[in-house]
Structure formats: structure tokens, C-alpha cells
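Trainee: I would like to check the labels on this model one at a time. Please set each value against its definition.

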Amino acid sequence: VNPSTNTVLLTSIPRDYYVTTVCDAADGCQNGAMDKITHTGMTGINTTKRTVENLLGIEINYTVKVGFETVTELVDALGGVDVFVEPGYALNGFLGDPNMSVSEGWNHLNGQQALVYSRERYAYTEGDRQRTKNQQQVVMGIIDKMTSSSVLANYSDLMEALGNTFQTTMSASEIQALIQYQMDQMPSWKVEQYMVDGTGDNLMCAELGQTAYVMVPDQVTVELAKRKIAAVMDGGSSDSITSLDDASSTQTTE
């Protein structure tokens, strides 16, 4: 998030991404071992944070941990979200809800529908890749709703509705300052998207102690992710980085 340029870059990592696990001694993970990124959560959010920092060569300033209940309650509290289904991706029946369907074009989803849409992967040829795109759509829908003046004016009611369904390292005063900035300036945020990619394999996963399906990183997409993040942090747009020839590799700091 670059508040100076009002640009947000959503960088997604597939759950089965095969990475080097990094953690602090107190976390108790198998530091330096190879595993899929979803397993880093088994020893706590700090392990996931440190592992992503290592993968992308960045410093993560804040974390937010959400669960299924967070999604359903947040989306319902916002009055639902809108997602755009591309041609060829309409679905009549989801694994999580056989009675749910989405049609091509704009669809208005309530909390439970948004959760089901975010979790579905088996119905798509692209599997987890399409699920990640769907998740980004839901996040973008949430951002669009949450930055409206009517929602901001009643943010305390929204926070109360969420209760204890999420955890964040942002302090209450930092959240208040961010909301106040949005209310005072009402900037129009540009939300950009990127997802790292890879190829499937069956390899040893440290936390499981056995082999399992993983996605071996395509290092070109990892390097592109690094450069896209650097571009946004430096005041530009990630969309300007389309290949490794577009910019030299840089380290990002806040």
C-alpha cells in the first residue's frame, strides 16, 4: 500500500507454493526447511510473515489474520460485494454450496456466497490459480465498499460487528488515523493485482514429514513480483513492470 500515490498492489501466493521456511527461534518451525506456504501457519502468523519476507525480499510492516467468519460477517456488514465473472467462468453449483451459482458479468454476493466463491477451486480447470483470482475480486469488492464515506462514518459499528474474528498488528490509533485520512481526503485508490506462479510436483514437506503435492515456484514470476512491489513503493505502478527487462531489481523499504 502506497498512501502517497493511493495505490494498492495485491500480490497473491498460492497455498501450495514450495518455499524455504523462515522463523524466529521462539516460533518453533523447522527453520530453513522446505514446505508449502500454507503449512507455515502451523507455527503461527510470524512464521508466515518471515517466510513471505524471505521469498519476496521485502519488509512486512503489518499483518492481518482473518478466518472464514471474518469474510462472511464483513461482507454482510457491508451489504454485500460485487464481483465480475469473465465469459466462460459462470458456475451453476459450487462444492461449498450446490445451490449457489454465478453468471457471466456482475454478481452481487452476500457473506456466505463471497466465502464460497473465494474457496472454490475444483470446478475450475485452473484450480487454485482461479481461486486466487476470485479471492482478489472479493478483496477488491471489500475495499471498494469500505472506502465509501457512508461506511467510514459508521466504522465503529463495523468493527463491533466483526468482533474478535480477525487479528492485526495495527494498533487502534493507527486504524483510526487511516480511517480519518480516508474521510478527510477521500482519495480514489487504484488497486492492482499480481500472482506468482509455478508447476506442480510431489515433494517432501517438513511439517508433514512426508511428500505431498506442492507448487514449485516459477522464479521469473517471483522476481516480477519483487519488481512490481518495488515499483509501487517507489511511487510508480506495478502495471509498468511486465517483464524482467522493464526495471532493474531493487530492494524495497518503507
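Trainee: Which residues of α3 are buried?

Mentor: In α3 the buried residues are Gly111, Ala114, Leu115, Val116, Tyr117 and Ser118. Buried means under 20% relative accessible area, exposed means over 50%, and partly exposed lies in between (1.4 Å probe, protein chains only). Helices (H or I, at least four residues) and strands (E, at least two) are DSSP runs, numbered from the N terminus. This is a predicted model, in which local features need pLDDT of at least 70 and side-chain atom pairs count only at pLDDT 80 or more, while totals for chains, interfaces and linings use all residues. Residues are numbered from 1 along each chain as its sequence is written, and side-chain values use heavy atoms, with hydrogens and water left out.

Trainee: What do the buried residues of α3 pack against?

Mentor: They pack against α2, β5, β7 (101–102), β8 and α4. Contact here means heavy atoms within 4.5 Å.

Trainee: What makes Asn110 a cap of α3?

Mentor: A side-chain oxygen of Asn110 lies 3.2 Å from the backbone nitrogen of Gln112, at the N-terminal end of α3. A polar contact is a pair of N or O atoms within 3.5 Å; within protein, one must be able to donate a hydrogen and the other to accept it, and residues adjacent in sequence count only if both atoms are side-chain atoms.

Trainee: Why is Asn107 called buried?

Mentor: Asn107 has a relative accessible area of 9%, so it is buried. Asn107 sits in strand β8 (residues 105–109). A polar atom of its side chain lies 2.7 Å from the backbone oxygen of Ser103. Beyond its neighbours within four places in sequence, Asn107 is in contact with Val81, Asp82, Val83, Val85 and Val102.

Trainee: How do you know that β5 and β8 pair?

Mentor: Two strands pair if DSSP finds at least two bridges between them. β5 and β8 have 5 bridges, in the antiparallel sense, so the strands pair by that rule. Asn107 in β8 is the bridge partner of Val83.

Trainee: How do you know that the span of α4 agrees with 1.5 Å a residue?

Mentor: The expected span of a helix is 1.5 Å times one less than its number of residues. The 19 residues of α4 should therefore span 27 Å, and the end C-alpha atoms are 27 Å apart, so the two agree. Its buried residues, among them Gln130, Thr132 and Ile142, pack against β1 (7–12), α2 (68–77), β5, α3 and β10.

**Salt bridges**

Trainee: What makes Asp128 and Arg131 a salt bridge?

Mentor: A salt bridge is a side-chain nitrogen of Lys or Arg within 4 Å of a carboxyl oxygen of Asp or Glu. The closest N and O atoms of Asp128 and Arg131 are 2.8 Å apart, so the pair qualifies. Asp128 and Arg131 are 3 residues apart in helix α4, which is about one helical turn. Both Asp128 and Arg131 are buried. The whole structure has 10 salt bridges.

Trainee: Why is the pair of Arg50 and Asp24 said to tie together parts of the sequence?

Mentor: The side chains of Arg50 and Asp24 meet in a salt bridge at 2.3 Å, N to O. Arg50 lies in helix α1 (residues 45–56) and Asp24 in the loop between β2 (18–20) and β3 (34–36), so the pair ties together parts that are 26 residues apart in sequence. Arg50, at 24% relative accessibility, counts as partly exposed, and so does Asp24 at 35%.

**An aromatic pair**

Trainee: Why is the pair of Tyr89 and Tyr124 called tilted?

Mentor: Rings of Phe, Tyr and Trp (its six-membered ring) pair if their centres lie within 6.5 Å; planes under 30 degrees apart count as stacked, over 60 as edge-to-face and the rest as tilted. By this rule the count comes to 3 aromatic pairs. Tyr89 and Tyr124 are 6.2 Å apart, centre to centre, with 35° between the planes, so this pair is tilted. Tyr124 counts as buried at 7% relative accessibility, while Tyr89 is partly exposed at 25%.
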